[in-house]
Amino acid sequence: MIKALFSILVFPGLIFVGVLSFFAEFADRKLHARLQNRIGPPWFQPFADFIKLVAKEEIIPKEANSTIFQIAPVFALASVITAFLYIPLWDTRALFSFDGDVIVVLYLLTLPTMAIFIGGWYSTSLFARIGSVRAITQLFAYEIPLFMGILSAALLADTWSLYGITVFYNNHPLFWLSNIIGFFVSLIALMGKLEKVPFDAPEAETEIVAGSFTEYSGRFLALFRLTLDIEMVAGASLLAAVFLPVGLNLPLFARFTIYLAEVLFIVGLIALLRTIFARLRIDQMIRFCWKYMVPLGFIQLLINLVLKGILSR
Amino acid sequence: MDIRRKILTWARIKSPWIIHFNTGACNACDIEIIAALTPRYDLERFGVQLKGAPRHADILVCSGPVTRQIECRLERIYEQMAEPKFVIAVGTCACSGGVFNGCYNIKGGINSVIPVSAYIPGCPASPKAIIDGAVKLLASLKK
Ligand code: SF4
C-alpha cells in the first residue's frame, strides 16, 4: 500500500514526472531560443513560472460555471499522470499494465484536450469559446493519424499491451525500421495534441488572446501549464516506448540514461519543428492532417500488414 | 515562513510576464517596446514573456497619454489583472501627458487613472531604458 502510494506520488509518479516535465519545458524553450539565435531562459525558468503562478490571485469570472471552471485543470492533470503510470519508461514493464493498455493510454492522453475544451467553454469568454472549439476541431484531425501510427506498431507486435510491444521490439530490434513513417506521423500528431506552433490555432495569442486559457489565472493556469508539460513528457515516453525500444537488457543506470536521451531527442525534434514552421490556419491544419497524415498512416498500416503476412508464413 | 516569502519573491522576480497596452501613444513608444522584445535584446533570458491576456500578466506596460476614450478601458484592463500586479509607464507621455498635456481629449499621464510603479521617461524611451526600468522595478521587489 505504502509502496504503491510512493510510486504514484513520488517516483516515478507525480513529483518525478513534474520535475522531469519542467526540465523538458526548459529544454524545449532553450532549444527554441538557440535556434532563433537568442540566449534563452535559464534552467530554473519553468520552476519560477510555476511558483509565481501558484502564488498569484485566482479570478473566477462571475458568468462562469465556477465548479467546472475549477475542476477542469485538476481533471486534465490527473488524466495525464494516470496515463504516465501506464507507459513503460526504462523497463519493459510499466508501473501498472494489463492487456489493452495502449488504447487506454491513448484515450487518457485525449482527456486533457477535452478538459481544456470544457474549461474554456464554461468560462464563457468569447475568446475562450473560440479557442475551445478550435481545440476540439483539431482533435478530430490529429487523433486518427496518431492512433494509426501507434496501433500499426502494435499490430506488427501482435499485442495490445505496451509491455508486449516493448518486449517484441526489444527482441527484434530491426523492426523499428519498418515503423519510421509511423514514428514521424505520430510525432507530428503529438505536436497537434500539445498545441505546439504549427498547430497552435487554439491558443493563437495574436488573434484570440490566449484561447481556452483566456480567463484562467493563478493556480488553475499553473495546473494547465503543468498538464501540457507532463503531456509532452508522457507523449515522448510513449513514442520512445513504442518506436525506440533500444537497450532494454542493459543495467538499470544505462537504461535510465537511454530513456532520458530518447525523451530529450523527441523534445528536441518538437522544438526544431516548432521553430521552422509558422502557425497554420485551422482549416489548413485539418486539410493537412486528412490529406497527408492519414494516407501516410494507411501506408504504414499496409506495410505492417504485409510484413506480418510474410512473417507468419 | 520567512523562507516561503523568499522563494515567492525570487519566483516573482524571475518570471515577470508583461502585457502591452497602448493608451493613446503616437506609436513610437510601442515600436520601442516591441524592439525590446526582439531576439536582439532577448528578454526571455530574464524570464519576461509577452502575454496576450491580462489575466496571465504581472506587469502592465502602458505607453502614451490616457485619452478620454481609453480611460475606462484602461481601468477595466487593470481590474482584470490578478494580484500582485504592477504598472510601468513607458515614455514621457505616459509619465505626465507630455506634449499632449492640456489637449481637449487627454486626461493626463497613466497615474491620473491607475497607480503606477515605475516611470520610464524618453521620447520615445529606448529599449535599453525600458529594460533598465523593468530591472529596477523588479529589484525594488526585494525590499
Ligand atoms: S513619449 Fe514621445 S514617442 Fe512616446 S508616445 Fe509620447 S510623443 Fe510618442
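Predicted model: local features only at pLDDT ≥ 70, side-chain atom pairs only at ≥ 80, totals over all residues.
1. Strand β3 of chain B, spanning residues 59–63, is mostly covered, with five of its five residues buried.

2. The largest nonpolar core holds 68 residues, of which A:I150, A:L238 and A:I266 touch the most other members. Helix α10 of chain A (residues 218–243) supplies the largest share of this core, namely 13 residues. If residues up to four places away in sequence are set aside, A:I266 touches A:F183, A:L187, A:A236, A:L239, A:A240 and A:L244. As a general background to this point, nonpolar side chains in soluble globular proteins tend to be buried together.

3. At the interface, 27 residues of chain B are in contact with 28 residues of chain A. The area buried between the two chains is about 2,300 Å², and carbon and sulfur atoms give 58% of it. On the side of chain B, the residues that lose the most area to chain A are B:E44, B:R55 and B:H56, which together account for 27% of what that side buries.

4. The polar side of the interface comprises 17 residue pairs in polar contact between chain B and chain A, with both residues at pLDDT 80 or more. Helix α1 of chain B (residues 2–14) gives the most to the side of chain B that touches chain A, with six residues. Six salt bridges are counted between the chains, including one between B:R55 and A:E215, whose closest N and O atoms are 2.7 Å apart.

5. A search of the whole structure finds 19 salt bridges over all chains. One of them joins the side chains of B:D42 and A:R38, at 3.1 Å from N to O. This pair crosses between chains, from B:D42 in the loop between α2 and β2 of chain B to A:R38 in the loop between α2 and α3 of chain A. Both B:D42 and A:R38 are buried.

6. Within chain A, A:R225 forms a salt bridge with A:D49, the closest N and O atoms being 3.6 Å apart. Because A:R225 lies in helix α10 and A:D49 in helix α3 of chain A, the pair ties together parts that are 176 residues apart in sequence. A:D49 has 1% relative accessibility and therefore counts as buried.

7. A salt bridge within chain B links B:D132 and B:K136, with the closest N and O atoms 3.1 Å apart. These two residues are four apart in helix α5 of chain B (residues 127–141), so they are separated by about one helical turn. B:D132 counts as partly exposed at 37% relative accessibility, whereas B:K136 is exposed, with a relative accessible area of 54%.

8. Salt bridges that share partners join A:E25, A:R29, A:R38, A:D49, A:R225, B:D42 and B:E44 into one network.

Methods. Residues numbered from 1 in each chain as written. Chains lettered and ligands numbered in written order. Heavy atoms only, no water. Buried < 20%, exposed > 50% of the residue type's maximum accessible area, 1.4 Å probe, protein only. Core = buried A, V, L, I, M, F, W, Y, C linked by side-chain atoms within 4.5 Å. Contact = heavy atoms within 4.5 Å. Buried area = accessible area lost by both parts, 1.4 Å probe. Salt bridge = Lys/Arg side-chain N within 4 Å of Asp/Glu carboxyl O. Polar contact = N/O pair within 3.5 Å; in protein donor to acceptor, adjacent residues only side chain to side chain.
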